[in-house]
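Welcome! Let's learn together how to read some features of a protein structure.

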Amino acid sequence: MAHPILLINTNVARPPVSPVGLEYVGEALIEAGTPVQVLDLSFEADWEASLRRKLAGDVALAVGLSVRNTDDCSFVSRRSFLPWIEEVVTEVKRLTGAPVYLGGAGFSTMPEAVLAATQADGGIEGDGEEALLALAESLTKGEEVGRLPNVVYWRNGDVVRNPRVDVDLRYLPKPRRRLFDNRRYEQLGAIVGIETKRGCSQGCIFCADPVAKGKRVRLRPPSIVVQELQDLADQGVSWLHLCDSEYNLPLEHAKDVCRAIIQKGLGDKMRWYCYCSPIPFDEELAGLMKAAGCAGINFGVDSLSDEQLYRLGRVHSSYDVDQLVHLLQKEGLNYMCDLLIGGPGETAQTVRTTVDKAKELDVPLVGIAVGVRVYPHTILGNGVANGSISGGLHPAAGENLHQPVFYLSPMLGNGALALIDQLVAGDPRFLVLSKPAERGSYNYADDESLCQLIEQGARGAYWDIIRRSHEFGLDQS
Ligand code: B12
């Protein structure tokens with residue numbers, strides 16, 4: 001019998017997030033006849049013992065580890081997950097001679113840095129379904145990996161990236177969603193993930209999604225999406241989160257997916273959340289989303305100062321957000337808006353304009369991230385790499401591989417967080433991406449108070465649970 005690929009979910013943060021990426025990859029391998037074993041560290045009390053059990057006999061062809069998050073992306077807590085991944089890589093290597101490959105959204109944002117920090121043998125950048133299959137076939141035949149698409153590996157002490165191919169989602173095998181225990185995830189408060197598309201063609205200067213997922217938007221046929229939703233519903237899953245960078249881009253596809261959900265009769269069986277761009281968004285989409293079971297939308301608004309929006313590479317204006325908010329209020333859709341404070345050119349005045357405007361519009365919940373995470377190969381990251389952006393980096397670039405790097409406009413001086421505090425002035429509609437479980441924070445990575453709310457029966461997107469706890473106190477029943 002052929003040697004299996006062992007796939008390990010390393011994302012153990014609580015509340016949990018189901019490993020949809022690893023599941024898609026694993027199911028593609030199985031569909032092609034490659035044996036797969038899985039280990040979900042999220043459910044293992046003793047991760048080292050579970051690794052020993054799984055790797056006993058040392059038969060794996062390769063071990064694949066998911067790196068969903070390199071860090072929590074919070075300027076305040078700056079928690080890196082790479083020391084943890086490094087620990088798992090080291091232990092796996094101690095137990096087996098099989099090569100260790102990494103993959104996942106976090107890995108794909110900065111493969112070189114992650115490989116250097118963890119000392120894994122290699123990884124898959126971007127889409128994993130076809131690339132890991134090709135890798136498995138090469139390893140079985142004992143061939144070199146030097147020509148395989150999306151593979152990242154070490155050569156003479158340097159990390160080399162092979163050319164990348166983004167898959168056509170129309171031709172991928174239909175995932176059955178049976179490889180990981182999605183129902184158990186939901187029981188622990190997770191909102192199970194599903195994609196309706198992949199990639200983002202927007203030009204936001206800071207965003208890693210076009211880097212990790214590709215700039216070309218690739219659509220999944222709505223009929224396939226609803227089959228997958230039906231499969232999940234059959235397993236007893238009823239709370240979901242779409243994994244698209246922006247669900248409403250393109251608009252017509254978002255409408256078609258809603259129509260397919262409604263037609264399948266799933267609109268009142270499931271509750272789902274998603275990310276959306278402020279434009280395009282119209283009455284028809286609002287109506288369709290409601291009928292299709294959408295329970296809440298997180299809009300990436302970033303700023304309500306037009307000059308700042310322009311500098312961030314956004315294509316919407318504060319007027320567009322104004323129009324959007326009125327539409328959402330009229331349609332009675334549940335939503336929140338995310339802001340990104342501290343990008344290039346940000347001043348105390350542009351921050352004030354943004355916070356004041358959010359209050360004036362009466363946005364029900366606003367999440368504020370202060371400090372912009374700098375990713376290689378974004379416009380911001382390229383500016384740092386070529387020296388056109390030098391000030392404002394925290395810590396100064398290149399200090400420590402494990403440490404996430406943030407940009408904070410030098411024009412805000414040292415008082416950006418204090419300025420936000422002062423402008424928000426205790427208004428409970430505002431959350432800050434600070435340390436998990438800090439009052440008024442919406443950092444979900446190991447947030448104890450959020451876990452408590454879930455234990456008491458709260459369900460839904462984590463921002464929505466936090467919102468309800470502010471409105472109604474701890475009792476959400
Ligand atoms: C949806 C989402 C959420 C939802 C999750 C809901 C859910 N049920 O899925 C919520 C809101 C809960 C959330 C929370 C957080 N998120 Co989030 N999230 C996303 C988003 C939009 C989609 C992730 C996803 O599942 N994609 C779909 C799957 C299919 O893609 P994938 O995992 O990348 O898998 C593919 C490949 O990567 C590869 N692959 C995956 N695993 C493996 C493993 C191996 C071995 C191989 C070979 C290949 C491989 O193959 C897969 C198929 O092609 C991404 C941004 C994005 N567009 O990707 C951010 C993103 C992953 N999140 C991010 C962050 C920071 C967080 C938080 C830490 C924020 C916080 N502080 O609270 C938390 C972490 C929570 C946790 N426990 O993990 C960052 C991570 C950045 C980084 N530096 O690592 C991202 C990239 C957003 C960003 N640009 O900043 N998130």
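This is a predicted model: local features need pLDDT of at least 70, side-chain atom pairs count only at pLDDT 80 or more; totals for chains, interfaces and linings use all residues.

Q: How should I read a sheet, and in what order do the strands of the open sheet with parallel pairing come?

A: Start with the general idea: strands of a sheet pair through backbone hydrogen bonds, either parallel or antiparallel. Here, 7 strands form an open sheet, and their order is β8-β11-β12-β13-β14-β15-β19, with parallel pairing. The strands β8 (192-194) and β19 (430-432) each have a single partner strand, so one side of each is left without a neighbour in the sheet. On average, neighbouring strands here are turned by 25 degrees against each other, direction ignored.

Q: How many bridges join β14 to β15?

A: There are 5 bridges between β14 (residues 335-341) and β15 (residues 366-370), and these two strands run parallel.

Q: Which strands make up the open sheet with mixed pairing, and in what order?

A: That sheet also has 7 strands, in the order β2-β1-β3-β4-β5-β6-β7. At its edges are β2 (36-40) and β7 (158-161), each pairing on one side only. Inside the order, β4 and β5 (residues 122-124) pair in the parallel sense over 2 bridges, and Tyr-101 stands opposite Gly-122 in β5.

Q: Which strands does helix α2 lie across?

A: Helix α2 (residues 47-55) lies across β1, β2 and β3, and runs at about 170 degrees to β2.

Q: Is Thr-10 buried or exposed?

A: A relative accessible area under 20% counts as buried. Thr-10 has 3%, so Thr-10 is buried. You will find Thr-10 in the loop between β1 (5-9) and α1 (20-31). Leaving aside neighbours within four places in sequence, Thr-10 is in contact with Leu-41, Leu-65, Ser-66, Trp-84 and Ile-85.

Q: Which residues come nearest to the ligand?

A: Looking around a ligand, ask who is there and which atoms face each other. Of the 45 residues around this ligand, Asn-11, Thr-70, Ile-191, Lys-213 and Tyr-444 come nearest. A ligand nitrogen atom is 3.0 Å from a polar backbone atom of Asp-72, while a ligand oxygen atom is 2.8 Å from an N or O atom in the side chain of Glu-129.

Q: Which element gives the largest share of the shell, and how do the shell residues divide?

A: The largest share comes from α1, with 5 residues. By kind, the shell divides into 21 nonpolar, 15 polar and 9 charged residues.

Conventions:
Residues are numbered from 1 along each chain as its sequence is written. Side-chain values use heavy atoms; hydrogens and water are left out. Two strands pair if DSSP finds at least two bridges between them. Helices (H or I, at least four residues) and strands (E, at least two) are DSSP runs, numbered from the N terminus. Axes are lines fitted to C-alpha atoms, for helices over the stretch in contact, and angles run from 0 to 180 degrees between N-to-C directions. Buried means under 20% relative accessible area, exposed over 50%, partly exposed in between (1.4 Å probe, protein chains only). Contact means heavy atoms within 4.5 Å. A residue is near a molecule or strand if one of its heavy atoms lies within 4 Å of it. A polar contact is a pair of N or O atoms within 3.5 Å; within protein, one must be able to donate a hydrogen and the other to accept it, and residues adjacent in sequence count only if both atoms are side-chain atoms. Ala, Val, Leu, Ile, Met, Phe, Trp, Tyr, Cys and Pro count as nonpolar, Asp, Glu, Lys and Arg as charged, and the others, Gly among them, as polar.
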